[in-house]
Amino acid sequence: MSNMNKATDANNFMPASIILLGLTPAIMVLLPWDFGDEMTPYRGFMRGNSIPVTIIELVFVLLALARGFSPAASIAALPGLTKAGLGLFAITVAWTTIFIAESSATAVLGMIKLFAHLMFGLAFAQQLSIWPRQQRQRIWLVSGLGVVSYCLLWGTNIVFHHPTGDDWKWLVPTLTNIRWIGFFSLAGFCSGLGALVLFCDGRIDRRRITLSLVFCTLGCFLAVWTASRGAILAILVASLFAVFFTKDRKTLAVIILVAFVIALSLAAALPVPHEAYGLERLLGITIHSSDLNELSSSRVQIWQETVKKIAVHPWAGWGIDQFRFAGPEMTLGIRHPHQSTLQLVFATGVAGAVAITLIAIPLIRNWPRNLVSPPHWAAGSYVIAGTVYGLYDGFFYYTYPVMIFLMAVAMMLKPAEPTGAYDKSD
């Protein structure tokens with residue numbers, strides 16, 4: 001195939017792939033038909049295990065395979081330390097699934113999702129390397145539109161099914177807890193950063209900030225209205241990261257400030273449907289908490305008890321997705337310890353922590369020091385903010401934020417283009 005044909009093929013493939021990834025939040029609602037209060041076994045299994053995201057990742061991999069993606073070649077091209085880490089991680093997970101896990105079926109399902117993440121990450125990175133610049137720039141645009149589509153479906157559910165009481169907390173479409181709206185909040189906000197347009201001199205084009213302002217405002221609003229403190233902290237971290245790297249700091253700071261002000265105004269104006277929502281909840285738990293454990297919604301106690309359980313199986317852990325079965329007595333039934341490092345060590349022990357470190361070292365070494373375009377600001381912001389988010393909540397337990405995280409890492413490792421080249425389309 002000639003280079004011209006390859007380029008044409010990539011052009012044809014990219015829109016379909018981008019649309020698929022952008023529609024992920026909507027597919028997460030539609031595939032299990034996650035509306036109303038009737039919880040069928042199918043709906044409960046699909047939403048409870050985030051199966052739609054795994055399906056989307058595997059479909060993306062199949063599309064990439066049809067266009068030249070080779071898993072074996074992609075793995076062979078990885079740095080030696082990364083391959084060693086992947087090997088150690090795979091051995092550890094297999095060992096715990098066979099010999100330690102209390103629910104082997106759950107562990108196997110978790111392994112399938114991990115495999116889908118790995119193949120998706122490799123496929124996305126390979127496709128990203130051949131997609132033209134104009135198409136790569138659409139990634140954050142459709143991600144933001146995907147969050148908008150989710151909100152429209154959530155609104156549809158509210159209008160037609162009239163949730164009452166705790167349905168506002170536990171039966172929000174595709175969310176097992178309203179706090180996980182924070183994952184959509186961060187994705188929407190970073191999409192706003194990625195949708196910005198620059199002039200050739202690095203200044204933000206103020207005439208073309210409408211979509212960016214909408215996405216950033218929506219992300220902030222979702223976090224504030226639902227009192228998701230982890231998401232608010234992550235958005236603040238993302239904001240600081242993006243402002244630091246842009247040349248036009250004043251304009252970006254104003255955009256972010258306006259987004260926050262609009263979000264706060266909307267949150268204050270709208271009715272509070274449940275005690276878990278609203279500014280009063282957000283401010284009240286902060287002001288009236290008597291100690292750090294209460295301020296963290298009992299997380300400190302959960303973390304302390306989790307450490308005790310880790311000490312029982314310190315080297316290989318308890319197995320993938322076993323926290324709800326083997327975690328502290330006070331958390332039985334809860335899927336994760338609300339802290340991603342503890343989640344990793346609980347599941348895979350010291351061996352898993354070493355494996356992830358080996359995987360990450362080459363990625364950190366290749367981290368770009370000069371981010372010249374909004375898509376790179378958004379990717380870097382998401383990676384840093386998501387990592388911080390994981391220190392306080394189960395960010396790396398759920399498939400949607402992990403999928404976006406893998407995309408963002410791949411974008412960061414893609415060499416940045418000179419500012420002039422990026423902005424010729426302006």
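This is a predicted model: local features need pLDDT of at least 70, side-chain atom pairs count only at pLDDT 80 or more; totals for chains, interfaces and linings use all residues.
**Exercise 1. Work out how helix 11 runs relative to helix 12, and which residues make the contact.**

Solution. Start with the axes: those of helix 11 and helix 12 (residues 210-225) come within 7 Å and cross at roughly 160°. Angles over 145 degrees count as roughly antiparallel, so helix 11 is roughly antiparallel to helix 12. Next, take the handedness, which is left-handed for this crossing. Now look for the touching residues. Helix 11 brings I181, S185, G188, F189, S191, G192 and L193, while helix 12 answers with S212, F215, C216, G219, C220, L222 and A223. Finally, sort them by class: this contact of helix 11 with helix 12 has 8 nonpolar and 6 polar residues, and no charged ones.

**Exercise 2. Do the analysis again for helix 11 and helix 13.**

Solution. The axes of this pair lie 9 Å apart, and the helices pack at an angle of about 20°. Angles under 35 degrees count as roughly parallel, so helix 11 is roughly parallel to helix 13. The crossing of helix 11 and helix 13 is right-handed. On the helix 11 side, the contact uses G182, S185, L186, F189, C190 and L193; on the helix 13 side, it uses A231, A234, I235, A238, S239 and A242. Sorted by class, the contact of helix 11 with helix 13 has 9 nonpolar, 3 polar and no charged residues.

**Exercise 3. Follow helix 13 to helix 20 and describe their crossing and contact.**

Solution. Begin with the geometry. The axes of helix 13 and helix 20 (residues 374-390) come within 8 Å, with a crossing angle of roughly 145°. Helix 13 passes helix 20 in a right-handed crossing. Then list the partners: G230, A231, L233, A234, V237, A238, F241, A242 and F245 come from helix 13, and W377, G380, S381, I384, A385, V388 and Y389 come from helix 20. The class count for the contact of helix 13 with helix 20 is 13 nonpolar, 3 polar and no charged.

**Exercise 4. Find the second largest pocket and say what lines it.**

Solution. First, the volume: the second largest pocket holds about 530 Å³ of space. Second, the lining: 25 residues surround this pocket, and N177, R179, W180, R299 and H338 lie nearest its centre. Third, the elements: helix 10 (167-170), helix 13 (229-245) and helix 17 (299-310) give two or more residues to the lining. Helix 13 gives the most, with 3 residues.

Technical notes: Residues are numbered from 1 along each chain as its sequence is written. Side-chain values use heavy atoms; hydrogens and water are left out. Axes are lines fitted to C-alpha atoms, for helices over the stretch in contact, and angles run from 0 to 180 degrees between N-to-C directions. Helices (H or I, at least four residues) and strands (E, at least two) are DSSP runs, numbered from the N terminus. Angles under 35 degrees count as roughly parallel, over 145 as roughly antiparallel, 65 to 115 as roughly perpendicular and the rest as oblique. A crossing is left-handed if the near helix is turned anticlockwise from the far one by less than a right angle, and right-handed if clockwise. Contact means heavy atoms within 4.5 Å. Ala, Val, Leu, Ile, Met, Phe, Trp, Tyr, Cys and Pro count as nonpolar, Asp, Glu, Lys and Arg as charged, and the others, Gly among them, as polar. On a 1 Å grid over the protein atoms alone, a cavity is a set of points where a 1.4 Å probe fits but cannot get out, and a pocket is an open set with protein on both sides within 12 Å along at least five of seven lines; lining residues have an atom within 4 Å of a point. Grid points are joined across faces, edges and corners, and a volume is the space filled by probe spheres set on the points.
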